[in-house]
Amino acid sequence: MAAPKKVLYAAPPDGGWGWMIVAGCFLVTICTRAVTRCISIFFVEFQTHFAQDYAQTAWIHSIVDCATMLCAPLGSIVSNHLSCQVGIILGGLLASSGLILSSFATSLKHLYLTLGVLTGLGFALCYSPAIAMVGKYFHKRKALAYGIALSGSGIGTFVLAPVVQVLIEQFSWRGALLILGGFVLNLCVCGALMRPIALRDDRQNPAKQDPVSKAHKPHLQHFSLCSPLAQDWTGTNRCCPSQREYGFLLMPDFLVLAVSVLFMAYGCSPLFVYLVPYALSVGVTHQQAAFLMGILGVIDIIGNITFGWVADRRCLKSYRHICYLFAVGLDGLCYLFLPLLQSFPLLVPFSCTFGYFDGAYVTLIPVVTADVVGTRCLSSALGVVYFLHAVPYLVSPPIAGWLVDTTGSYTAAFLLCGFSMIFSSVLLGFARLIKRKKKSPAPEPHPKLRLWSNGTIAYSVAGELDQKEGEVVAQKGTTQANT
């Protein structure tokens, strides 16, 4: 496939073809995240057909989520070195193949491989590149664009949850998976919409800038060739591309965000696996349980769009991190009250509240990541952020299932998830509070003093100036003595 020609822009266009990118990302989230959520509707069918317990059956959903997030950096690599179009089309073919092969499964291990690994790998090649493309096309309205694009997860859940339940009733779980496999092929259409873009800031050559005079360049010959200042002086960049693409991994702000994401991801996943089984265990009908998933999806949409619009307001742009941790913390509080809700009328407001704040923080994850690392590294950074979801997504549903099997109740599982999300929010807030307290205005340097630093070295011109002044004074004294 020939590499598509990139369109060069001085700055993100904040519109134009960018709205088609948003539409493509919207469809990608429907075909990936919404379909993944709807796999929980198959939970009871798989458990009954294969006669397995909660923990064994929960591995299916865990492996899909884990493979999607674990292979997210692979999606970023394919997008960076080939194109976003190639990655999404290839991912669509793999995901569709996994769902179709799952319809012929004869054991849970078969489903682990096809529905879990193969489908998850296909979703990974689509998800993070599509989200990164939105960030490249938008700047001023970035949060709103992400809100619309990621609302596909909620809309897809709202529409697909009852549809999947009807498909299972009409065609059994095998026929439903076969139809979903054909539906997921629409990812190939989404990939065709992803026109590459090149920003002028991304193509700036640092070698053209010469902040230090040529007279001082020999002093850095013994330092690392990969250091930024050495690259500026020598006019070359000898580091490997991966070092430039993943340099953000050493940023303290990104490291704190990464740890926070680990605890948040542990808490958010089990609800989409166990909401339907929990509702059925308290006497809710199958249709009402599917309707709860639908409510969760539609309120998720409102959270996506409204929180994205609000976060784009000028008064809140500098407080996006606070909005993010606020949404995560409130979802954790919702978990703590869930064991007390044991009827359909009580579970409806829970689905509304949890769905709204779930949509809110999902929208803000790429926005906050872009604020931390910048647009140039956004694709790689999102790959790492979604990669960090992998292990929590893998272990949290089976752990919750083990707790249900051991205690005979969902209370312990839901409380653990709730406290995990609250800890994620508190950790991020505490780190930002410490950062603000440590921040103090730097003293203004002496006008004669100019420093060029490269981590472990600094070169001062002040000493040379003082030396020259001393030589001039000495010469004047010698002249006066001779006369």
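Start with Tyr274, Tyr278, Tyr335, Phe350, Phe354, Tyr410 and Phe414: ring pairs join these residues into a cluster. Keep in mind that this is a predicted model. Aromatic pairs number 14 in the structure.

Next, go to one of these pairs. Select Phe326 and Phe357. Their ring centres lie 6.1 Å apart, with the planes at 80°, so the pair is edge-to-face. Now show the helices. Phe326 belongs to helix H13 (residues 320-337) and Phe357 to helix H14 (residues 344-373). Phe326 is partly exposed, at a relative accessible area of 45%. Phe357, at 14%, is buried, because buried means under 20%.

Tyr410 is buried, with a relative accessible area of 8%. Phe414 is buried too, at 1%.

Select Val259, Leu262, Phe263 and Phe423. Together they make a nonpolar patch of about 310 Å². Which helix gives the most to the nonpolar patch? Colour helix H11 (residues 252-281): it supplies three residues. Phe263 lies in helix H11. Its relative accessibility is 32%, so Phe263 counts as partly exposed.

Last stop: Arg33 and Tyr127. The charged end of Arg33 sits over the Tyr127 ring, 5.8 Å from the ring centre.

How values were computed
Residues are numbered from 1 along each chain as its sequence is written. This is a predicted model: local features need pLDDT of at least 70, side-chain atom pairs count only at pLDDT 80 or more; totals for chains, interfaces and linings use all residues. Side-chain values use heavy atoms; hydrogens and water are left out. Patches are made of residues with over 30% relative accessible area and no salt bridge: like charges are joined within 9 Å, nonpolar side chains (Val, Leu, Ile, Met, Phe, Trp, Tyr) within 5 Å. Accessible areas come from the Shrake-Rupley method with a 1.4 Å probe; for residues, only the protein chains shown count as cover. A salt bridge is a side-chain nitrogen of Lys or Arg within 4 Å of a carboxyl oxygen of Asp or Glu. Helices (H or I, at least four residues) and strands (E, at least two) are DSSP runs, numbered from the N terminus. Buried means under 20% relative accessible area, exposed over 50%, partly exposed in between (1.4 Å probe, protein chains only). Rings of Phe, Tyr and Trp (its six-membered ring) pair if their centres lie within 6.5 Å; planes under 30 degrees apart count as stacked, over 60 as edge-to-face and the rest as tilted. A charge sits over a ring if NZ of Lys or CZ of Arg is within 6 Å of the ring centre and within 35 degrees of the ring normal.
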